[in-house]
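Good morning, and thank you for the time.

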Amino acid sequence: VRADEPPRVCRDPLADWRIDTGELRRGAQCGTFIATTNASTGTFSYAQITRRTPVELPYEFQVTWRSLTNYGPLELVLLGSIVLLSADRCGLFFSNESFDWIPLPGYRTQQEHTVMVRQDAKEVTLFVDGVKAHTWAFAATNTRGEVAVAMKGPRGNRARLLFRDVQVRP
């Protein structure tokens with residue numbers, strides 16, 4: 001910033017999010033967030049940060065993120081399902097009976113990636129760094145609702161997730 005330019009104003013982005021589980025704080029740079037899991041002593045610790053403005057099918061949900069700890073997976077919570085991303089694999093969760101990991105070569109939770117999901121009434125498509133990674137058949141049970149960024153952490157400990165540049169588009 002030059003001396004004759006006004007300082008850049010960063011709108012308070014925390015107002016766009018609701019903390020369902022865990023903690024959320026601003027990152028060091030404008031528009032970045034750090035989510036921290038709740039250190040639960042259950043099966044795993046968890047953080048879920050929900051976007052306050054509802055979405056409606058069809059929509060695209062995009063985030064640039066990376067784990068700040070060596071634990072995964074990272075999650076995008078959608079309408080009726082969750083896309084999970086872990087080292088070299090991804091999956092669409094909507095029931096314990098139907099979940100299965102599929103290969104996602106080169107994906108690392110501790111490296112920054114831009115992840116985008118496109119959901120319509122009949123399918124969910126995942127893009128990683130601008131490349132189509134997989135499409136799942138999924139009949140959405142809800143046509144309107146909230147989306148969220150989430151992560152699992154180790155039982156009894158806190159894990160952290162840095163995310164930025166969240167976009168939701170019809």
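Over the ring of Phe 44 sits the charged end of Lys 152, 4.9 Å from the ring centre; the criterion is NZ of Lys or CZ of Arg within 6 Å of the ring centre and within 35 degrees of the ring normal. Arg 89 likewise places its charged end over a ring, that of Trp 101, at 4.0 Å from the centre.

A word on the source: this is a predicted model, in which local features need pLDDT of at least 70 and side-chain atom pairs count only at pLDDT 80 or more, while totals for chains, interfaces and linings use all residues. Residues are numbered from 1 along each chain as its sequence is written, and side-chain values use heavy atoms, with hydrogens and water left out.

Trp 101 also forms an edge-to-face pair with Phe 99, 5.1 Å centre to centre and 80 degrees between the planes. Rings of Phe, Tyr and Trp (its six-membered ring) pair if their centres lie within 6.5 Å; planes under 30 degrees apart are stacked, over 60 edge-to-face, and the rest tilted.

Phe 33 and Phe 163, by contrast, are stacked, at 4.9 Å and 25 degrees. Phe 33 belongs to strand β3 and Phe 163 to strand β16, so the pair ties together parts 130 residues apart in sequence; strands are DSSP runs of E, at least two residues, numbered from the N terminus. Phe 33 is buried at 4% relative accessibility, and Phe 163 is buried at 0%, where buried means under 20% relative accessible area (1.4 Å probe, protein chains only).

Notes:
Helix = DSSP H or I, 4+ residues; strand = E, 2+ residues; numbered from the N terminus. Buried < 20%, exposed > 50% of the residue type's maximum accessible area, 1.4 Å probe, protein only.
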